[in-house]
Amino acid sequence: MTESDRSAGWAAYYQQLRDRPPRKTLLAALDAFGEAPPDAHVIDLGCGDGRDVIEMLRRGWKVVAVDAEPEALRQLQARPLPEGSDVTPVVAQLEEVPIPLGVHLVNSSFAMPLCEPAAFHRTWERIREALPPGGRFSGQWYGPRDSWFGRPGMTFVSREEALALLEGLDVEMFDEEEADGVTPRGNAKHWHIFHIVAKKS
Ligand SMILES: C[S@@+](CC[C@H](N)C(=O)[O-])C[C@H]1O[C@@H](n2cnc3c(N)ncnc32)[C@H](O)[C@@H]1O
């Protein structure tokens, strides 16, 4: 697949999922904070056109919105943003972007598995290190029975591997979803997903 094919594919994806509600992992993480902490600061890795970002802004969080696709951030900035929104769009690979000091929440919905394993594990280490005590991670990882298993450039972790990666954190959500379904692009797919919210003690 060429770079422009991939970008066109993501642009169609943003169009198709426009106006879907925020992910349940993000909502659970934000709810778990209760009132946003003073200077509440979140980074969204692989934010797409802002499905989750809008909700963070609505609740008064400052957001660093990272995506590899410039089109994602262009579409995010074209959305009606809540008044007083503080969002910094960053076009970057999530495995390379610095995670700002003082971030309370790292959100990555359906994006970390799109990295090859070394980058996935390096990113997870960086997330764990960057979170302060009380900070949270919310997002999805893919399991080995997902029908995309084996695709180059992606990472899949077993339930045991996922739980081992979360060791030492307070796991507030670990929902394993396995179901036949259809991708947003209309292709049949078997999903095997871990929906995760975890807090640094
Ligand atoms: C499945 S979409 C999810 C978008 C959004 N987080 C959501 O939940 O709707 C994955 C997004 O991750 C971005 N992405 C994929 N690999 C990436 C990488 N290595 N670094 C940064 N963004 C990436 C894609 O451009 C796309 O916008």
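The points below take the sheet and then the ligand site.

1. The model is a predicted one, and the remarks that follow should be read with that in mind.

2. The sheet is open and is built from seven strands, which follow one another in the order S3-S2-S1-S4-S5-S7-S6 with mixed pairing. Its edges are formed by strand S3 (87-91) and strand S6 (169-182), each of which pairs on one side only. From one strand to the next, the twist averages 15 degrees.

3. Within this sheet, strand S1 (residues 41-45) and strand S2 (residues 62-67) run parallel and are joined by five bridges. Asp 44 has Ala 65, in S2, as its bridge partner. Helix H4 (residues 70-78) packs on the sheet, where it touches S2 and S3, and its direction makes about 160 degrees with that of S3.

4. Turning to the ligand, there are 19 residues around it, and those that come nearest are Tyr 14, Arg 23, Gly 46, Asp 67 and Leu 94. By class, the shell divides into ten nonpolar, four polar and five charged residues. Helix H1 (residues 3-17) gives the most to this shell, with three residues.

5. The side chain of Asp 67 places an N or O atom 2.6 Å from an oxygen atom of the ligand, while an N or O atom in the side chain of Glu 95 is 2.9 Å from a nitrogen atom of the ligand. At Ser 109 the backbone takes part instead, with an N or O atom that lies 2.9 Å from a nitrogen atom of the ligand.

Terms used
Residues are numbered from 1 along each chain as its sequence is written. This is a predicted model: local features need pLDDT of at least 70, side-chain atom pairs count only at pLDDT 80 or more; totals for chains, interfaces and linings use all residues. Side-chain values use heavy atoms; hydrogens and water are left out. Two strands pair if DSSP finds at least two bridges between them. Helices (H or I, at least four residues) and strands (E, at least two) are DSSP runs, numbered from the N terminus. Axes are lines fitted to C-alpha atoms, for helices over the stretch in contact, and angles run from 0 to 180 degrees between N-to-C directions. Contact means heavy atoms within 4.5 Å. A residue is near a molecule or strand if one of its heavy atoms lies within 4 Å of it. A polar contact is a pair of N or O atoms within 3.5 Å; within protein, one must be able to donate a hydrogen and the other to accept it, and residues adjacent in sequence count only if both atoms are side-chain atoms. Ala, Val, Leu, Ile, Met, Phe, Trp, Tyr, Cys and Pro count as nonpolar, Asp, Glu, Lys and Arg as charged, and the others, Gly among them, as polar.
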